[in-house]
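Dear colleague,

Please find below the structure that I am handing over to you, together with its sequence. My notes on what was found follow it.

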Amino acid sequence: MDEIDLINDYKDRKVYRDSFNELASLVFDINFEDWYQKGFWDDRYICHSFIREDVVIANVSVSKMDLLINKSNKKAIQIGTVMTHPDFRGKGLSGKLMRHVLDMYEHDCDIFFLFANSTVIDFYPKYGFESVGESQLKLKYYPTPNADTTLRKLNFSNKEDLAFIKKMVLSRRPVSDQFGVSNNQGLFMFYAIKVFPESIYYSQKDEAIIVYQQEGHVLNLYDVVSQSYVNLNQLINRIANEQTGYIHFHFTPDPFTDKVPYEWMDNNGDVLFIKSNFTLDKNSKFCVPLLAHA
């Protein structure tokens, strides 16, 4: 095999960025170029890759962010975009990159975490990660007259709206005291432009950006971006309609965690793995905000 080199943090080097995007498209059907061109691929998302003849053949990325866990501030590293070109699998490249990343950042964070699908859940315990069950909370909703319809849909092609979103996300408070995220603007903007561009609104009454979708009788509430406390009861009444039967929270809704039924997330989906320098209560009711998944 020709010589393989390790490179880090190369987002501004087009030849490597293009190769990374090609591999990500092949493995995950994801391309990061639009995110980069819009200026949202910032210094808090860092690729660590093996290259062969200037081609990325394996990668492990890190996303730096701040977590608020049970009201305690933690520095966090989320590991994602773990991938190897099919021609180079079975050679231990992902394992070497994992060791490299863990060694490089272990003194810079309180917690590493990642999400893994069922095909690789035996891989991460080798590196000290433990699987942790997440809970999902669904609130039975009884339609009430909508007292306010002044939600404004935000438009990414509008420069003022875009600047406003960036400002709000940069100065946001964590959506939850039990498990909230901040200082992760780039990751939020990836979801905003790639996944939810038609589902982002601003509520003047709540002084909050709301990311939500109504699907049949279920209102999926993905995120609430604000600088101060938001009354979720009042917010829900503003965004629900006469068809809404349930509110599915894709983050931890603190006011409701002791009042509504919850269930453990189905492990047929991605499994949360954590490696931390503190003890996490595995029986607590929480989920990592969906828009913070790398």
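I begin with Glu53, which counts as exposed because its relative accessibility is 59%, over the cut-off of 50%. Please note that this is a predicted model. Glu53 sits in the loop that runs between strand E2 (45-52) and strand E3 (55-69). Although Glu53 is not a glycine, its phi is positive, at about 55°. Most residues other than glycine have a negative phi.

Asp29 also deserves a look, as a residue other than glycine with a positive phi, in this case near 60°. Asp29 belongs to the loop between helix H1 (14-28) and helix H2 (33-37). With a relative accessible area of 70%, Asp29 is exposed.

Arg172 presents another picture. This arginine is placed in the loop between helix H4 (159-170) and strand E9 (179-182). Arg172 counts as buried because its relative accessibility is 9%, under the cut-off of 20%. Its side chain reaches the backbone oxygen of Val224 at 3.1 Å. Leaving aside neighbours within four places in sequence, the residues in contact with Arg172 include Asp223, Val225, Ser226 and Phe188.

In soluble globular proteins, nonpolar side chains tend to be buried together.

As for Phe113, its contacts beyond four places in sequence include Met65, Leu67, Ile77, Ile79, Phe129, Phe273 and Val288.

Finally, I turn to the open space in the model. The largest pocket holds about 900 Å³ of space. It is lined by 30 residues, of which Phe28, Gly80, Thr81, Val82 and Phe115 are the closest to its centre. Strand E4 (72-84), strand E5 (111-116), H1 and H5 each provide at least two residues of this lining. The largest share, 6 residues, is supplied by E4. By residue class, the lining of the largest pocket divides into 22 nonpolar, 7 polar and 1 charged.

With kind regards

Note on methods: Residues numbered from 1 in each chain as written. Predicted model: local features only at pLDDT ≥ 70, side-chain atom pairs only at ≥ 80, totals over all residues. Heavy atoms only, no water. Helix = DSSP H or I, 4+ residues; strand = E, 2+ residues; numbered from the N terminus. Buried < 20%, exposed > 50% of the residue type's maximum accessible area, 1.4 Å probe, protein only. Polar contact = N/O pair within 3.5 Å; in protein donor to acceptor, adjacent residues only side chain to side chain. Contact = heavy atoms within 4.5 Å. 1 Å grid on protein atoms, 1.4 Å probe; cavity = no way out; pocket = protein on both sides within 12 Å on 5 of 7 lines; lining within 4 Å. Points joined across faces, edges and corners; volume = space filled by probe spheres on them. Nonpolar A, V, L, I, M, F, W, Y, C, P; charged D, E, K, R; others polar.
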